[in-house]
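Morning, everyone. Please bring up the structure on your screens, and we'll walk through it together.

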Amino acid sequence: MTDADAPVHVERNDAGSRYDIRLGEEPVGAAFYRVDGSGRVVFTHTEIDPAFGGRGLGSALAEGALTDAAARGETVVPRCPFIAEYLREHPIDGLQVDWPADGGENPAR
C-alpha cells in the first residue's frame with residue numbers, strides 16, 4: 001500500500017494536549033490545544049510535516065479535532081490561525097465556538 005492509499009486517522013492525545021493525525025501508521029502532524037480555566041479547549045497551533053503538505057491533511061486534522069470536540073460537548077477557542085480559518089469556511093454542527101476578540105490570529109494567548 002502506498003501512502004496515498006493509507007487511511008487517515010485523527011486521535012485525541014490528552015496526555016500531549018493535542019490531536020494527532022496519522023497516515024497509515026506514520027505520524028504526520030498535530031493540532032495543539034490547552035484547556036483554559038473555564039474548561040474551554042483553546043487551539044493554539046497546528047502543524048503538518050512538510051513532506052506531507054498539499055494533501056489536505058491539515059483540513060482532515062482540523063475536521064477530525066473539531067468534530068470530536070463537538071461530540072464531547074466542548075467549547076473551543078480558535079487561537080490557531082489555521083483552525084480559525086477552517087471554522088470560518090467549514091462550520092461544525094453542534095460545536096460551541098468562543099471567538100477571540102482578535103479573530104483567532106494570536107496563537108500566543
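Let me start with a term: two strands count as paired if DSSP finds at least two bridges between them. Keep in mind that this is a predicted model.

Now take a pair of strands. β4 and β5 run parallel to each other, and 3 bridges join them. In that pairing, Val42 sits opposite Val77 of β5.

Step back to the whole sheet. How many strands form the sheet, and in what order? There are 6, and the order is β1-β2-β3-β4-β5-β6. The sheet is open, and its pairing is mixed. β1, residues 8-13, and β6 are the edge strands. Each has a single partner strand, so one side of each has no neighbour in the sheet.

Next, the helices. α1 lies across β1, β2, β3, β4 and β5. The angle between α1 and β2 is about 135°. α2 packs on the sheet too, and touches β4, β5 and β6. The direction of α2 makes about 115° with that of β5.

Stay with α2, residues 81-89. Which of its residues are buried? They are Ile83, Ala84, Tyr86 and Leu87. These residues cover an arc of only 160° around the axis, so they lie on the same side of α2. What covers them? The cover includes β4 at 41-48, α1 at 57-71, β5 at 75-78 and β6 at 96-97.

As background, nonpolar side chains in soluble globular proteins tend to be buried together. Here, the largest nonpolar core has 24 residues. Which members touch the most others? Tyr19, Phe43, Leu66, Val76 and Leu95 do. Two or more residues come from each of β2 (18-23), β3 (26-35), β4, α1 and α2. α1 gives the most, with 7 residues.

Last stop, a single residue. Find Arg22, in strand β2. Now look across to His9. Arg22 and His9 are 13 residues apart along the chain, yet their C-alpha atoms are separated by 5.2 Å. Leaving out residues up to four places away in sequence, Arg22 touches Pro7, Val8, His9, Glu11, Pro27 and Val28.

That's the tour. Over to you for questions.

Key. Residues are numbered from 1 along each chain as its sequence is written. This is a predicted model: local features need pLDDT of at least 70, side-chain atom pairs count only at pLDDT 80 or more; totals for chains, interfaces and linings use all residues. Side-chain values use heavy atoms; hydrogens and water are left out. Buried means under 20% relative accessible area, exposed over 50%, partly exposed in between (1.4 Å probe, protein chains only). Helices (H or I, at least four residues) and strands (E, at least two) are DSSP runs, numbered from the N terminus. The arc is that of the directions from the helix axis to the C-beta atoms. Contact means heavy atoms within 4.5 Å. A nonpolar core is a set of buried Ala, Val, Leu, Ile, Met, Phe, Trp, Tyr and Cys residues joined through side-chain atoms within 4.5 Å. Axes are lines fitted to C-alpha atoms, for helices over the stretch in contact, and angles run from 0 to 180 degrees between N-to-C directions.
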